[in-house]
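Work through the two exercises below with the model open beside you, and try each task before you read its solution.

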Amino acid sequence: MTHPTASPRATAPSAAERAYRHLKRAILEQVYPGGSLISEGEIAEAAGVSRTPVREALLRLEAEGLVALYPKRGALIRPVSAREIADVIEARRLVELHAAERVWPRRAELKADLARWLTEMRRAHAAGDVTALMAADRAFHATVVEAAGNEILAELYHRLRDRQLRMGEASFRLSPGWAEVALTEHAGQLAALDGEDPKAWLDAVRAHIDNAATVLRTLR
């Protein structure tokens with residue numbers, strides 16, 4: 001008699017992976033702002049692990065450029081530099097404006113997806129949940145890029161995600177009025193998709209990126 005094979009259980013993340021996820025989330029969500037110096041013991045206690053996996057997590061984050069390690073002192077959360085902001089904005093302009101131009105013929109189906117993300121943004125803003133607001137905002141933009149159909153550009157844009165989340169969290173938290181402006185500008189993009197003028201749509205996308213750049217520069 002054969003016995004049914006048990007379903008494989010999902011492998012629980014290792015202690016090092018838990019420490020990595022905890023610390024990366026804390027950095028991206030500005031729990032540990034740029035310039036903070038945190039100890040291995042502090043991280044270990046917060047993540048519920050020992051110091052050894054914390055060291056492994058810190059090495060991964062150092063390789064990603066999020067922290068700088070100082071032996072016997074801890075880890076410095078790297079501040080967002082003016083150069084990094086400029087580079088990210090330039091990359092966004094190149095990718096997002098190209099994508100916006102490509103998606104115009106499919107604007108009807110695109111608008112339905114964007115409207116759902118805008119609803120999520122409004123819901124998060126009303127609840128005062130900056131992290132959820134930022135996630136929905138990134139999803140709104142990524143939806144346009146993915147709809148353009150270029151997988152390489154979509155992958156490149158996805159690789160900007162961590163940097164954009166970190167900068168976006170800072171902009172929404174330190175410039176509270178930006179959330180209302182961003183919501184208004186996203187609604188304007190949806191309105192442009194309802195029209196027959198592709199230039200109006202591209203202008204709306206470009207203006208939003210430029211305004212985001214202005215806000216980010218004031219945070220330096």
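The model is predicted, so local features need pLDDT of at least 70 and side-chain atom pairs count only at pLDDT 80 or more, while totals for chains, interfaces and linings use all residues. Residues are numbered from 1 along each chain as its sequence is written, and side-chain values use heavy atoms, with hydrogens and water left out.

**Exercise 1.** Describe the largest cavity and find which helix gives the largest share of its lining.

Solution. Begin with the term: on a 1 Å grid over the protein atoms alone, a cavity is a set of points where a 1.4 Å probe fits but cannot get out, and lining residues have an atom within 4 Å of a point. The largest cavity holds about 170 Å³ of space, and of its 17 lining residues the closest to the centre are Arg-92, Arg-138, Gly-168, Ala-212 and Leu-216. Next, look at the helices: α4 (82-103), α6 (130-147), α8 (161-174), α9 (177-194) and α10 (198-218) each supply at least two lining residues, and the largest share, 5 residues, comes from α8.

**Exercise 2.** Describe the second largest cavity, and say which residues line it.

Solution. This cavity has about 50 Å³ of space, and its lining is made up of Glu-96, Ala-100, Phe-140, His-141, Val-144, Val-145, Gln-189 and Val-205. Two or more of these residues come from each of α4 and α6, with α6 giving the largest share, 4 residues.

Terms used:
On a 1 Å grid over the protein atoms alone, a cavity is a set of points where a 1.4 Å probe fits but cannot get out, and a pocket is an open set with protein on both sides within 12 Å along at least five of seven lines; lining residues have an atom within 4 Å of a point. Grid points are joined across faces, edges and corners, and a volume is the space filled by probe spheres set on the points.
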